[in-house]
Amino acid sequence: MTHLFDTHAHVNFNAFREDADEVLRRALEAGISVVNVGSQLSTSRRAVEYAKKFSPEAKPPIGGLASQDGNGGQASIGVYAAIGLHPIQLRKRSFEHRDDENDWELPATEIKTIGEGFDYDAYLELACDPHVVAIGEVGLDYHHFEEGDDVEAMKEEQKRVLREFVRLANEVGKPMMIHCWGVKSDKSSYPRAGVKSSKLDHARTAVIPNQFDQSRTDVTTNQLDHARTDAYDDLLGLFDETAPEKKGIIHSFIGSHKTAKKFLERGWNIGINGIATYSDSYDRLIREVPLDRIVVETDCPYLAPGPHKGERNEPALVRLVAEKIASVKEISYDEVARVTTANAKKLFGIRS
Ligand SMILES: [Zn+2]
Ligand SMILES: [Zn+2]
């Protein structure tokens, strides 16, 4: 069986409240290891619980499965955890989410955040658990600011918490799982003619910086490039000052191949998910990032790949992300599976 590694899943979220065990078992039986990623203290704790229950050492049929790898050896397949505080969780609010922001036909789901204060010691205690393979998701999110937000203060708050998590990752000697999304500034920020105005449209346009507001026809390519890379530039600056020793993954990467190169030069890996299957926008990125620096992920329940767009995503569908990479790079699916799995295991310190 070809082993795959879904390096970023949220089966620990409420979307899987009814059937998380089934979903994880389905992934394990398909030869897919999973990292469940916490976005606040409660989901981080749940990620650790699942990792204990479905670890490769736990006895089948509940635990991970020991299967033959392609070379006749034993490959341990299991569930692991990452723990962190997502930057959007720093404030309490609710917003609508669409998997593909360019597809207004898709149903939107509501995401509610809690406004959690960062507690270093609580996360440190979780981080020491041997089932925890990465610290995250943590990072910068300038994508979900709303009208009236004190944007500069919120950016500073996100950076302050991220620096603390870098300190924590270095203290426990584990890699990081980084979320980094810039200001909405591509064409998705501009509701198409005929799309009726809604609260969502309002939220979308509200994040556009002032100079974009006066006349949308003024927007130059440079301004757009700047807005799209602002969070990545801030992240690079922050890492240059406070360096995560074990590096890690820039998950759900939505920057250009040029931005990716800056992270690659600093030793980071790039996480590719279902977004890459929605269009050919990320083909160049996929071509230019070496396979041995790519990991695959679902970010489920969000971002279901191509044919499943808009449905609840799950780790078993990570196969479609690997297929997209194979087709763009013109290499075999097996090679993508083998190399991206090896990348994940090496990064997370998983043997066999
Ligand atoms: Zn994320
Ligand atoms: Zn996520």
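Author: A residue is buried if 20 or more other C-beta atoms, placed from the backbone, lie within 10 Å of its own, exposed if 12 or fewer, and partly exposed in between. This is a predicted model: local features need pLDDT of at least 70, side-chain atom pairs count only at pLDDT 80 or more, and totals for chains, interfaces and linings use all residues. Residues are numbered from 1 along each chain as its sequence is written, with chains lettered from A and ligands numbered from 1 in the order in which they are written.

Reader: Which residues of α4 are buried?

Author: Start with the general idea. An α-helix has 3.6 residues a turn, so residues three or four places apart point the same way. Helices here are DSSP runs (H or I, at least four residues), numbered from the N terminus. Helix α4 covers residues 151-172. Its buried residues are Q158, V161, L162, F165, V166, L168 and A169. Seen down the axis of α4, they fall within an arc of 165° (taken from the directions from axis to C-beta atoms), so they line one face.

Reader: Which exposed residues does the face turned away carry?

Author: That face of α4 carries E152, A153, E156 and R160. Just after α4, G173 has a positive phi of about 70°.

Reader: How are two packed helices described?

Author: By the angle between their axes and the distance between the axes. Helices α10 (residues 318-329) and α11 (residues 333-348) pack at about 115°, axes 8 Å apart. Axes are lines fitted to C-alpha atoms over the stretch in contact, and angles run from 0 to 180 degrees between N-to-C directions. Contact means C-beta atoms within 7 Å. A322, E323, I325 and A326 of α10 meet Y333, V336, A337 and T340 of α11.

Conventions
Helices (H or I, at least four residues) and strands (E, at least two) are DSSP runs, numbered from the N terminus. The expected span of a helix is 1.5 Å times one less than its number of residues. Two residues are in contact if their C-beta atoms, placed from the backbone, lie within 7 Å.
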